[in-house]
Amino acid sequence: MGKQRQAKKFAARKRLINLKDSRIKQEHREFKRAKKVDPRTLKIRELPQSSSAMFFQYNTQLGPPYHILIDTNFINFSIKNKLDIVQSMMDCLYARCVPYITDCVMAELEKLGAKYRVALRIAKDPRFVRLPCMHKGTYADDCLVQRVTQHKCYIVGTCDKDLRRRIRKIPGVPIMFLQQHRYSIERMPDAFGAPKT
């Protein structure tokens, strides 16, 4: 007689005591009771406080000189398209532009290594203003979204589709991106003569 093979037990898990079991103390037992909601009570909703810079969908803090937060891929795509960042921004907005780079974006460029050393050299240009980051981690997208929600005076320069989707949810924040080998801007108020995309 041969040895009988036992089938392996997949997805075996520990047996747990049911939370309605009589061996569990009364205060730790789980009883699902349907709570009756009184329709006359006021419902409290917690909404984030809107910025004082916003006048409906119009951002009153945007104006020349424009402050533009730059992402890593915005610099990379500008190099690939042979665009001077500051000059191309001024051509897009018809006004003086000040590019800002956070510590997270600089850290991301340094992590990318020797392949992106030209982008790193451009980011260290003295015309670019460095913004220090006080948060944990070096994920640049979260840093940019957090900074833009706190301060509505920035335009975000990025070519990243996911970041653009996140920023579109924040009212009153324009997005600068590359389109047809030049910079274009999205969601800019008409009052400042932004080019139509």
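## A parallel pair within the sheet

In this predicted model, L69 has V156 of strand β6 as its bridge partner. The two strands concerned, β3 (residues 66–70) and β6 (residues 154–157), run parallel and are joined by 4 bridges.

## Helices packed on the sheet

Helix α3, which covers residues 103–111, packs on the sheet and touches β3, β4 (97–102) and β5, and the direction of the helix makes about 65° with that of β4. Helix α6, formed by residues 161–168, also packs on the sheet, where its contacts are with β6, β7 (175–179) and β8; the angle between the direction of α6 and that of β7 is about 145°.

Strands β3 and β6 belong to an open sheet of 6 strands with mixed pairing, in which the order is β5-β4-β3-β6-β7-β8. The edge positions are taken by β5 (129–131) and β8 (182–186), and because each of these has a single partner strand, one side of each is left without a neighbour in the sheet. On average, and with direction ignored, neighbouring strands of this sheet are turned by 35° against each other.

How values were computed: Residues numbered from 1 in each chain as written. Predicted model: local features only at pLDDT ≥ 70, side-chain atom pairs only at ≥ 80, totals over all residues. Heavy atoms only, no water. Pairing = 2+ DSSP bridges. Axes fitted to C-alpha atoms, helices over the stretch in contact; angles between N-to-C directions. Contact = heavy atoms within 4.5 Å.
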